[in-house]
Amino acid sequence: MSVFTTLSIEEVRQWLGPFNVGELHTLRGIAAGITNTNYFVETSQARFVLTVFEKNDFDELPYFVHLMAHLSKHDILCPTPIADAQGVALRRIHGKPALMVSCLKGRDVSAPNLAQIEAVATTLAHMHVAGMQFHEQSHNQRGQGWRVMTAQQVLPKLLPTQQHLLQEELEFQHGLDLSALPHGVIHGDLFRDNVLFDGDALGGFIDFYYACHDVLAYDVAIAVNEWCVDTAGTFVDEKLAVFMNAYQAVRPFTADEKAYWPALLRRAALRFWLSRLYDFHYPVAGELTHAKDPAHFERVLLNRKALV
Ligand SMILES: Nc1ncnc2c1ncn2[C@@H]1O[C@H](COP(=O)(O)OP(=O)(O)OP(=O)(O)O)[C@@H](O)[C@H]1O
Ligand SMILES: N[C@@H](CCO)C(=O)O
């Protein structure tokens, strides 16, 4: 149960004061999620999700709020931030930043079918296109600097063969010049638990808190490494073809993106191998962690290297 901050119905009723959302009816903590506290808030008008940010400073949140508002306005299925008459969406509750967003339909699926994979790819491409008109930029907190720092922390914990693989990959990625590739808003963490479905219809993307300005095709690589693989991390050709065709029907890859595709698949695998290694070897005391297996992404990385 990931409700770190317990809110009373009276506290939320007061917090809702400036928003034109009707009368508060019910408040229900959401069990899923490992970083923030989330509640379903039901009012006389609609259902919403209230997020209490447990780790972010107030200052780093406006980018995400503006981004979701921008994407919603461009018909990308994602949570719409609820703002008051002055346009303020972020307000403190219990001393922590909090945001209320629209509640999307559906739930996450662990074994997506081809229609669902196609819907994710199409929406991702539309999101990338819509993001080109979003003019705020946030750097990738999981980029080169983070890779090097995290690798230093996990290297002593690894077997010699793993150390070799990690060092080789870091050097390979460091040597790449991706400046010619199209950049824009990326989701950065488009895993199955961050996409809701209502049957085969996409409910929407959630959890934009790794979104940033980076290489668009890298976001595609993150997604296909998650959506188009078997349990061993090997691509399932049919799924990969469905994803890439659907994505490129909206935003075809440039020649540079095609040339760097294998390297981007490796970068995406390395990103999640590293974060999972870090979380595994440095668990935060008392924190609830839904164990994410680093070995899976080590296999994905080895597999993507073998493709080159
Ligand atoms: N806008 C939304 N509409 C409907 N359900 C939502 C929405 N936002 C979140 N949820 C539900 O709340 C759950 C937890 O949300 P989320 O995954 O964003 O948690 P988190 O702790 O903020 O992030 P993470 O678990 O990735 O660290 C989701 O699995 C989903 O069921
Ligand atoms: N999606 C990530 C966790 C959150 O960033 C993973 O599966 O490792």
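Modeller: The account below begins with the domains and then turns to the ligands.

This is a predicted model, in which local features need pLDDT of at least 70, side-chain atom pairs count only at pLDDT 80 or more, and totals for chains, interfaces and linings use all residues. Residues are numbered from 1 along each chain as its sequence is written, while chains are lettered from A and ligands numbered from 1 in the order in which they are written.

The protein is assigned domain 1 (9–102) and domain 2 (114–307), with bounds taken from an automatic or database domain assignment. Their contact involves 13 residues from domain 1 and 19 residues from domain 2, two residues being in contact if their C-beta atoms, placed from the backbone, lie within 7 Å. The C-alpha centres of the two domains are 27 Å apart.

Ligand 1 lies between domain 1 and domain 2, because both give residues to its shell. It is surrounded by 17 residues, the closest being Ala32, Gly33, Thr35, Asn36 and Pro79; a residue counts as near if its C-beta atom, placed from the backbone, lies within 6 Å. This shell comprises nine nonpolar, five polar and three charged residues. Here Ala, Val, Leu, Ile, Met, Phe, Trp, Tyr, Cys and Pro are nonpolar, Asp, Glu, Lys and Arg are charged, and the others, Gly among them, are polar.

Around ligand 2 stand Asp189, Phe191, Phe272, Ser275, Arg276 and Lys292. By class, the shell of ligand 2 has two nonpolar, one polar and three charged residues.
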